[in-house]
Amino acid sequence: MAYFTSLKTTPKVIYPGINVQVYENSVDMMDPDQDRRSSLNPFEMKKNAAFAVEAFSRLRGRPTVPNDIRLVLADNIRTLNNLIDLARTHNLTFKLIAPSKSSAYVPSFPDVTPHTEPDILFLLNFTTAQRLALLQASSMVLLLYTPPNQHFGIGPVGGMLCGLPVLVCDSGGPTESILVSPSSERMRWLRAPDPSVWADTLGMYVSSWRRGEQP
C-alpha cells in the first residue's frame, strides 16, 4: 500500500482465469493426430525446457530406469536447435513431428532417429485438443513444469485437473497452487531446480508407478 497511495482499500490478489471445461472434455484417442507419450513441456527459452532434458538424461543414465520412458517437449520451434544440441550431448535419440493438418515447418536433422521410440519427442505447434490428449493419455506418466519463479503456473493446474501427477520448481506462484501434503496422498512435488534432484524424484515416481504403488 505504501506504493499505491491513491488506493483506499486493501487490494486482493486475482489469479488468472482457467477454462476448466476445456480439461473436462473427452478426446478421441484413436485420432492419429493425438500422439500419446510420457511427458509434456513447452520449449520456449523462458520455460527452461533445457532443464527437463538435463534431468531426463540423468534419469535415463540409471540402470533401474526402464528404456521405454520418453520425454515429450511440445510447443513451437524457437529454441529447438539448442535443445537438439543438448540431446546430442547426452546421446539421447530424438524425433520431430507436427500435426498432419499443421502448416508448421519441420526442420531436417541428419541424425534424427527413424525409429518410432526415440528418447525425446519434439511435438511442434500442437493444438489445444492435442495438449488435452497428451494430458489424458494413459501412457502419460508425469507432467514436468520446469520454469522457476512463475507468477502463477497454469500448466500444473491443467495437469492436476486431468488427474496427472506434476513435478514443479519450488518458487513463484506454484508454491501456492500446489499442495504437497499429506505425503501419504502425494501426487505432486515442489523441487529445487537441480537436474539431479529432479532425476531422483522422477526415478522414485517411475519405480512406484511401474509397481502400481502410490509413491
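Trainee: Which residues does Ser-171 touch, not counting residues up to four places away in sequence?

Mentor: This is a predicted model, in which local features need pLDDT of at least 70, side-chain atom pairs count only at pLDDT 80 or more, and totals for chains, interfaces and linings use all residues. Residues are numbered from 1 along each chain as its sequence is written, and side-chain values use heavy atoms, with hydrogens and water left out. Contact means heavy atoms within 4.5 Å; by that criterion, Ser-171 touches Pro-148, Asn-149 and Gln-150. A polar atom of the Ser-171 side chain lies 2.8 Å from the backbone nitrogen of Asn-149.

Trainee: Is Ser-171 buried or exposed?

Mentor: Buried means under 20% relative accessible area, exposed over 50%, and partly exposed in between, with a 1.4 Å probe and protein chains only. Ser-171 has 17% relative accessibility and therefore counts as buried.

Trainee: Which way do the side chains of β3 point?

Mentor: In a regular strand the side chains alternate between the two faces of the sheet. Strands are DSSP runs of E with at least two residues, and helices are runs of H or I with at least four, numbered from the N terminus. From β3, Ile-120, Phe-122 and Leu-124 point one way, Leu-121 and Leu-123 the other, and all are buried. Because 5 of the 5 residues of β3 (residues 120-124) are buried, the strand is largely enclosed by the rest of the structure.

Trainee: In what sense do β2 and β3 pair?

Mentor: Two strands pair if DSSP finds at least two bridges between them. Strand β2 (residues 94-97) pairs with β3 in the parallel sense over 4 bridges, and Ile-97 has Leu-123 in β3 as its bridge partner.

Note on methods
Polar contact = N/O pair within 3.5 Å; in protein donor to acceptor, adjacent residues only side chain to side chain.
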